[in-house]
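Look at the model first, then read on.

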Amino acid sequence: MLKRVVIIGAGFGGLHAARELANRNVDVLLIDRNNYHTFTPLLYQVATSGLDAGEIAHPVRPVFHGAANIRFLRGEVTAINTDDQSVMVQAEDGERTERYDYLLVAAGSVTNFFGNAAVQQYGFELKSLEDSLKLRNHILRLFERAVWAEDPAMRAALTTMVVVGGGATGLEMAGALYELFTQVLQREFAGLTPRVVLVEATDKVLAPYPVELQVAAREQLESLGVEVMLGSPVHEIAADHIILRDGRVIPTHTLIWAAGVKASPLAALLGVPLERGGRVRINPTTEVIGLNHVYVVGDMAYLEDAHGQPYPMLIPVAKQQGILAARNILRDLQGWKQHDFHYIDRGIMATIGRSRAVAYIFNRIKLRGYIAWIAWLGLHLITLLGFKNRLQVFLHWVWNYFTYDRSVRLILNDPAARPTPKTDPGTA
């Protein structure tokens, strides 16, 4: 009888692990709450009307056509019992128990609000397709309301967007927002003067990058028109304004939180001590310390490099760990020694807007501006799952580049959407 491998999560780590196990001598069950894989680096482009949601997502089942040993279950894992080697899943047909011989957990990360209830209540996160569509609807609704508002202060607050977090996600979001405003919405909503503010608690953006690229990134962002406020974290948040620690008040109805992530809550279900950020400490083989035949990869995993620093919560790390975990499971089944994780670091990059980006290729080559932007486009195109998705995204980018347009500007009805803030009494 074939040994059974259960993989939780169809993100980058889980999907690449499953692909490594395709058509091998194991029975694989892949579990995810969604029936699709999301290319999360482009979520901000969906939120800013640059791409459609379907262009950055790919159904899971077609990925494994021809792999008879892999099955997919859409459901939510509610419990993990490592003693009797089973997981409990809330699936379409109700709750079910799935047994495993090997378990690979790759459930990724969630937004870290750092215990701030006001951020959770008023802030927008960007971790899923639902998040990006909700934010897109919200932005477009505010502009529809602002163009009819008679009070100038209300119009300004409705069209002021604050992005919190000076990492790659924050910079990409801020730049894309400003370009959406200046290239598209200002032509359609006459009389509005949108404002984008990037807030970072420390004194620099893109902390992992060399200083000269940090400076270049900030200069490129400010050259777009984005206001960059460093060294003063958010102190108070309300529905219609935020207050920074230095006392500055920013009237706004849109706070986009890109200030940190933490491991999926599924980590707590393993019953092992957790490290900072809720991550699970693993051996270099990616097997969980203290548990047999249980592997954790990607954002959930805590493993230190040769310098004593935990590997970053990045997609390349998740992919490489997922592939290694799958290979180690196969090696263990053969009675062979498992291999240790050795990260192949190809560098980091962030786009800031049209023809603006910074890149640190192989942690040696520093690029900025147009060349870095082209490198960023190329990498993301080849990394997207599915030829159709790549073609659609490429055509959309070409269209946006030459027409200065963003065609995905539909406001979709969403019962869970946040109510649009009221304007002044004279508003129609």
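Two strands count as paired if DSSP finds at least two bridges between them. The model is a predicted one.

**The sheet**

In strand 23, V358 is the bridge partner of A350. Strand 22 and strand 23 (residues 356–361) run antiparallel and are joined by six bridges. They belong to an open sheet of three strands, ordered 22-23-24, with antiparallel pairing. Strand 22 (347–353) and strand 24 (365–368) stand at the edges; each has a single partner strand, so one side of each lacks a neighbour in the sheet. From one strand to the next, the twist averages 5°.

**The helices**

Helix 6 (residues 168–188) lies across strand 22 and strand 23, at about 20° to strand 22. Helix 7 (residues 211–224) also packs on the sheet and touches strand 22, strand 23 and strand 24. Its direction makes about 165° with that of strand 23.

**The salt bridges**

Side chains of opposite charge can pair when their charged atoms come close. The model has 15 salt bridges, including these:

| Pair | Closest N to O |
|---|---|
| R99 and D84 | 3.2 Å |
| R368 and E212 | 3.0 Å |

R368 is in strand 24 and E212 is in helix 7, 156 residues apart. R368 is partly exposed, at 39% relative accessibility. E212 is partly exposed too, with a relative accessible area of 39%. Salt bridges with shared partners also join R4, D27, D93, R96 and E98 into one network.

Notes. Residues numbered from 1 in each chain as written. Predicted model: local features only at pLDDT ≥ 70, side-chain atom pairs only at ≥ 80, totals over all residues. Heavy atoms only, no water. Helix = DSSP H or I, 4+ residues; strand = E, 2+ residues; numbered from the N terminus. Axes fitted to C-alpha atoms, helices over the stretch in contact; angles between N-to-C directions. Contact = heavy atoms within 4.5 Å. Salt bridge = Lys/Arg side-chain N within 4 Å of Asp/Glu carboxyl O. Buried < 20%, exposed > 50% of the residue type's maximum accessible area, 1.4 Å probe, protein only.
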